[in-house]
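Please keep the sequence and the coordinates at hand while reading.

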Amino acid sequence: MPSPGEDPIRMPSSDELKRVAELAHVVGEREGLRVAVAGGLAMILYGSPRLTKDVDVVSRGVPPAPAELTRGEPLSFGGYTFGTPMGIDLDWIVRDDDYRALYEEAIEAATPGRDGFLVVAVEHLAAMKFATLRPKDYEDLMYLLGRPGLVDPGKARALVHRLLGGKFASDQFTAATDEARWRWDRDHGA
């Protein structure tokens, strides 16, 4: 049992996570795959205080068997988890489910970040978080939508409407946007 003050679960630093993302970028380029960072690291890159223990990248294909990575378990929605020399898991996501079109568009719309690898655009990231709606993804969505000026809500809502379920989905996204803004105002005394 850990002692008080001892860190029982060490979370990787953002620099360590970025090194994994750089490795995925290098592997992707070598294999002719466009690769973009999503998930927790993307949230961190957009300013979130969120912690994560792995790196998620999205791509249209999985590299065959790169020497730098150890192929692990398949992901239930498409892709594989890889082990890295840094000891940080890399989830190489290739969606093969109802969200495939969203992820493929996110890959194409990704832009280079300051660290030299592609990052999913913030509106696509918001749509991805909305699509999964696991508790941590909902909190990520609240951060993205609540922070003034971070997400263009009209652009994100249009993605949700077009790729995730039409009017009902976009109405639910609008409700989430309203909740996120209410939370921001409540927490920041606006």
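## Terms and basis

A residue is called buried at under 20% relative accessible area, exposed at over 50% and partly exposed in between, with a 1.4 Å probe and protein chains only. Helices (H or I, at least four residues) and strands (E, at least two) are DSSP runs, numbered from the N terminus.

The model is predicted, so that local features need pLDDT of at least 70 and side-chain atom pairs count only at pLDDT 80 or more, while totals for chains, interfaces and linings use all residues. Residues are numbered from 1 along each chain as its sequence is written, and side-chain values use heavy atoms, with hydrogens and water left out.

## The sheet and strand β2

Seven strands form an open sheet of mixed pairing in the order β3-β4-β5-β2-β1-β7-β6, where two strands pair if DSSP finds at least two bridges between them. The edges are taken by β3 (70–74) and β6 (111–112), each of which has a single partner strand, so one side of each lacks a neighbour in the sheet.

Strand β2 (residues 54–59) pairs with β5 (residues 89–93) in the parallel sense over five bridges; Val-58 has Ile-93 of β5 as its bridge partner, and Val-57 stands opposite Trp-92 in β5. Strand β1 (residues 35–38) runs antiparallel to β2 and is joined to β2 by four bridges, with Ala-38 having Asp-56 as its bridge partner. Asp-54, Asp-56 and Val-58 point one way from β2, whereas Val-55, Val-57 and Ser-59 point the other way, and all are buried. Because six of the six residues of β2 are buried, the strand is largely enclosed by the rest of the structure.

## Helix α7 and its packing

The buried residues of α7 are Gly-166, Ala-169, Ser-170, Phe-173, Ala-176, Thr-177, Ala-180 and Arg-183. Seen down the helix axis, they fall within an arc of 130° and so line one face of α7, the arc being that of the directions from the helix axis to the C-beta atoms. On the other side of α7, Lys-167, Phe-168 and Trp-182 are exposed.

The buried residues of α7 pack against α4 (122–132), α5 (135–146) and α6 (153–164), contact meaning heavy atoms within 4.5 Å. The axes of α5 and α7 come within 8 Å and cross at roughly 75°, which makes α5 roughly perpendicular to α7. Here axes are lines fitted to C-alpha atoms, for helices over the stretch in contact, and angles run from 0 to 180 degrees between N-to-C directions; angles under 35 degrees count as roughly parallel, over 145 as roughly antiparallel, 65 to 115 as roughly perpendicular and the rest as oblique.
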